2 protein chains.
Amino acid sequence: MTDLGDLQCPVPKGDYDRVLMAHGGGGRLMQRLLGEVFFPAFDNELLERRHDAAVFALERGLSSPRLAFTTDSYVIRPLFFPGGSIGHLAVDGTVNDLAMAGARPLYLSTGFILEEGFPVADLRRVVQDMHDAADAAGVSIVTGDTKVVERGHGDGVYINTAGVGIIEHDLVIEPASVRPGDAILINGDIARHGIAIMSVREGLEFESAIESDCAPLADLVGRLIAEGLAVHCLRDLTRGGLAAGVIEIAQASGLQVELRETAIAVRDDVLGACEILGFDPLYVANEGRFVTFVPAEQAERALAVLRAHPAGEGAAIIGQVTAGSHPGLVTMQTVTGTSRVVDLLSGEQLPRIC
Amino acid sequence: MTDLGDLQCPVPKGDYDRVLMAHGGGGRLMQRLLGEVFFPAFDNELLERRHDAAVFALERGLSSPRLAFTTDSYVIRPLFFPGGSIGHLAVDGTVNDLAMAGARPLYLSTGFILEEGFPVADLRRVVQDMHDAADAAGVSIVTGDTKVVERGHGDGVYINTAGVGIIEHDLVIEPASVRPGDAILINGDIARHGIAIMSVREGLEFESAIESDCAPLADLVGRLIAEGLAVHCLRDLTRGGLAAGVIEIAQASGLQVELRETAIAVRDDVLGACEILGFDPLYVANEGRFVTFVPAEQAERALAVLRAHPAGEGAAIIGQVTAGSHPGLVTMQTVTGTSRVVDLLSGEQLPRIC
């Protein structure tokens, strides 16, 4: 039985005076590190919105274009995996964070931290993958930086990208725009990215390789907006998976999110791997999946737009927002018809997944 | 005797199939890595300008504001040093890159790569220093990311920042704007940052500690522009020091840069430390020093503007640009009156200086 009081203050008890792996896992410990160390120091209104990207107008006045700005560092291992590489991730991940703010991605920066001894041939592959991913997403990598650290102080290559995008519509796409009655859609099956990575690490073999779902989402998001849908919120489902994504939105909006387990697709081979590895697919990272919050009456139209796009063929309506009895929480109607609270994990199931 | 033919193609002979520490040093090997691996893959007009920041208009048309966008990762050790910390550097370094494009810095992103076991108290100090530096520079840190890597795969904390600034004038400040006859000014003495770091690493003691010159430069650059000076180019003198900064501009502009050794200030204690450590101060990193290229007839006025600002009290005119017999090279009139070519180092004197 979950203690709801504890859930509403999702910070583990106990003090930590050193950084733990779990501090990077997208769960409660990370929320606590952000809440106790970063947010108080960098206190400002934009950061407080806790969105995937910061959104600001360049100048005062309604005619000034709004920009989105975001960053992510990529420390994934292995560097190359079925369906992609750190190079694809470093572009798609940041492009997708811009897309989640409703922005059209324009420009990326990139910072490399190379470990002494890293094969230049691998670096060429990574850089080529970044080029290909940037091309596919329609963005340019326009500025960069390279640092080298001694052997034993890195792990081949760490990549940071930051991205700038432009918002070409009047929607305010953020957790605070979510309303009771909103329908929640997803663009496909979950948990493939994390399982693709873990299968390589654990040496699991399947009839056919499980490939990461890594993909750029900005074009699909652009279609939703171009169709005139009143998109209230978008969230890509990376670290912490579908669970962490919707929990953050429930917390930020103060509303209850109700998911329907039967509507959430997981491929059989992915589910099998989850069972072998002891993972709950709800918490496994994706790199090409996102949820869309729209008014209930637009749900079917949004579903049609998603399904008409290659990145949304497996789209489904997976739940709704209510002003229910559990404000700020996510509940799940299970296969058996019962309802349970979906809680944040304390740490993470999968270290260094992105 | 330097082989000029070799200088004009400043790439060391020999193949490297693994990354070396020197690839991060701001010298020839880094130029080669950029030229062979990064620039061809990320081929685009903005990157080709090889400026500290990429500059672009948001939309077509003269009325659209121009933005500057830049990034740097910071891997300095030790994390805390006389005159600053990785936190100050991570803000000032990126603010200064925006300033070198003539932009007013607006927003920063930050990505942390934390090593498992890093003391949270140190993280708090670093984050507080970033806050203080951002406050001093008038920028907001509006979006961020945190990753954790296993013990032995990092070095406490690596920080990336990216920055967005706005250009509020019509000058085109970049190497291609440099003209024969331009005067070259610097805003103070050189080599203090690098020596401050190396003194800590090597356990050198002086009568008074040598403090890093780490400082934000955007306000001072704003004054130069507000005074109506025709600023042609700006360059901060970080990795590779004054030498690397002016060599890059000479190469990019195809003009000859002539420096006067007697005009370049180095503090006695810094010079003493350079002699002990075997460093040439021309190549030692600064974090609060930059060169300004203006038409010769504006040199004295620019000097007065620099000297009137706390960040430019030690300013001096240190050379000029000519259409001389050594296009693309930097020459130095030495104390003894002879002239020598100032060449890029192959690698670096000082690893992990920023």
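The following dialogue concerns a predicted model and the terms applied to it.

Guide: In this predicted model, local features need pLDDT of at least 70 and side-chain atom pairs count only at pLDDT 80 or more, while totals for chains, interfaces and linings use all residues. Residues are numbered from 1 along each chain as its sequence is written, chains are lettered from A in the order in which they are written, and side-chain values use heavy atoms, leaving out hydrogens and water.

Visitor: What makes strand 12 of chain B largely enclosed by the rest of the structure?

Guide: Buried means under 20% relative accessible area (1.4 Å probe, protein chains only). Five of the seven residues of strand 12 (residues 316–322) of chain B are buried, so this strand is largely enclosed.

Visitor: Why are strand 8 of chain B and strand 12 of chain B said to pair?

Guide: Two strands pair if DSSP finds at least two bridges between them. Strand 8 (residues 183–186) of chain B and strand 12 of chain B have four bridges, in the antiparallel sense. Among the partners, Ala183(B) is bridged to Gln320(B). Strand 10 (residues 256–260) of chain B also runs antiparallel to strand 12 of chain B, with four bridges, and there Val257(B) has Val321(B) as its bridge partner.

Visitor: Which residues touch the most other members of the largest nonpolar core?

Guide: A nonpolar core is a set of buried Ala, Val, Leu, Ile, Met, Phe, Trp, Tyr and Cys residues joined through side-chain atoms within 4.5 Å. Of the 103 residues in the largest one, Phe112(A) and Leu242(A) touch the most other members. Helix 5 of chain A gives the most to this core, with eight residues.

How values were computed:
Buried means under 20% relative accessible area, exposed over 50%, partly exposed in between (1.4 Å probe, protein chains only). Helices (H or I, at least four residues) and strands (E, at least two) are DSSP runs, numbered from the N terminus.
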